Amino acid sequence: MRRREFITLMGGVLAAWPRSAHAQPAGPAAGYKIEPEYTKTSPDGAITVEQYLNKDTDDYKWQFWVRRQGTLTLLDPEPADYPAGFLFTHDRKWIVRGQKTGSGEATLYLYRLAPQGNAPPIRTPLGDLAWAFMKTRPDWRKIAKKPEYHESAGLLEGLEENYRSLGVDWPANRYILVTLYADADVKGRKPMQTSVVHGWRCRYDLQTGKFDVPALFSDHNAKAVVPKSPGDL
């Protein structure tokens, strides 16, 4: 898999913890063992995401549990096929999960945290929402061939420091920057496998739940839909 601008392990559903505590299992089911090297802790140490692997199944399955204020909570009822990457917003109100979904493919999960109770899950991948948004933009019509495989949605670096490295002064804990990649077979190109979307960027507003494209991404996005061979990236 070629180098990406985003966290390698990306995955995707916009979701939140269930409201009802009684619906939660008390802990990982039999067969699931913690894999400590994948544990992720928030900068202040208040929240820890632990990843558990079940090697007893024919195809290994992963569960993600959040340890917070002395309690252990299952992050998502659906197990994953791969370990994940996690980031926290600075105010610790959101966790972003990056989940590999297949060979060269990935998407995003977004979880909202609250002191007591959480909104019911919205079962639409944040990555899917970003792709849907891109399809409404003029850049989509400029793509040489619509994506056929290796579709990936990930994070642009800088979430934990509010993207200050981009030279912006946005409100703290307000935005998530998503970057998209995809390939297709384009006749006449050698090799035929072509990157038709490579790093197209958009911004997700955590307050409004809407996407936009800041002006500072315009030039970059125009280049991100010009066909390239994977080795050129």
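**Charged pairs and their surroundings**

Trainee: Is Glu 50 buried or exposed?

Mentor: A residue counts as buried when its relative accessible area is under 20%. Glu 50 has a relative accessible area of 8%, so this residue is buried. Please bear in mind throughout that the model is predicted.

Trainee: With which residue does Glu 50 form a salt bridge?

Mentor: The partner is Arg 67, and the closest N and O atoms of the two are 2.7 Å apart. Glu 50 belongs to strand β4 and Arg 67 to strand β5 (residues 61-68), so the pair ties together parts that are 17 residues apart in sequence. Arg 67 is partly exposed, with a relative accessible area of 37%.

Trainee: How many salt bridges does a search of the whole structure find?

Mentor: The search finds seven. One of them joins Asp 44 to Arg 92, with 2.5 Å between the closest N and O atoms. Asp 44 sits in the loop between β3 (40-41) and β4 (47-54), and Arg 92 in the loop between β7 (84-88) and β8, so this bridge ties together parts that are 48 residues apart in sequence. Asp 44 is partly exposed at 43% relative accessibility, and Arg 92 is partly exposed at 33%.

Trainee: Which residue meets Asp 205 in a salt bridge?

Mentor: The side chain of Arg 174 does, at 2.7 Å from N to O. Here distant parts of the chain are linked: Asp 205 is in strand β12 and Arg 174 in the loop between β10 and β11, 31 residues apart. Both Asp 205 and Arg 174 are buried.

Trainee: Where is Ser 42 found, and what does it contact?

Mentor: Ser 42 lies in the loop between β3 and β4. At 3% relative accessibility, Ser 42 counts as buried. Setting aside neighbours within four places in sequence, Ser 42 contacts Ile 47, Phe 88 and Arg 92. The C-alpha atoms of Ser 42 and Leu 87 are 7.7 Å apart, although 45 residues separate the two along the chain.

Trainee: How should I approach the nonpolar residues?

Mentor: In soluble globular proteins, nonpolar side chains tend to be buried together. In this structure, the largest nonpolar core has 38 residues, of which Met 134, Ile 176, Val 178, Leu 180, Val 197 and Trp 200 touch the most other members. At least two residues come from each of β8 (94-102), β9 (105-112), α1 (126-134), β10 (149-155), β11 (175-185) and β12 (193-205). The largest share, seven residues, is supplied by β11. Another core lies apart from this one, with 15 residues that include Val 49, Trp 62, Phe 86 and Phe 88.

Trainee: What does Met 134 contact?

Mentor: Beyond neighbours within four places in sequence, Met 134 is in contact with Trp 140, Ile 143, Leu 180, Val 197, Trp 200 and Val 225.

Trainee: Which residues of α1 are buried?

Mentor: Leu 126, Gly 127, Ala 130, Trp 131, Phe 133 and Met 134 are buried in α1. Viewed down the helix axis, the buried residues fall within an arc of 160°, so they line one face of α1.

Trainee: Where is Val 96, and what does it contact?

Mentor: Val 96 is in strand β8 and is buried, with a relative accessible area of 2%. Leaving out neighbours within four places in sequence, its contacts are Gly 85, Phe 86, Leu 87, Leu 108, Tyr 109, Leu 110, Leu 155, Leu 159 and Ile 176. Val 96 and Arg 112, 16 residues apart in sequence, are 8.9 Å apart from C-alpha to C-alpha.

**The whole chain and its confidence**

Trainee: How many helices and strands does the protein have?

Mentor: There are two helices and 13 strands. Of the 233 residues, 51% are buried. Among contacts between residues at least 6 apart in sequence, 58% join residues at least 24 apart.

Definitions and conventions:
Residues numbered from 1 in each chain as written. Predicted model: local features only at pLDDT ≥ 70, side-chain atom pairs only at ≥ 80, totals over all residues. Heavy atoms only, no water. Core = buried A, V, L, I, M, F, W, Y, C linked by side-chain atoms within 4.5 Å. Buried < 20%, exposed > 50% of the residue type's maximum accessible area, 1.4 Å probe, protein only. Helix = DSSP H or I, 4+ residues; strand = E, 2+ residues; numbered from the N terminus. Contact = heavy atoms within 4.5 Å. Arc of directions from axis to C-beta. Salt bridge = Lys/Arg side-chain N within 4 Å of Asp/Glu carboxyl O.
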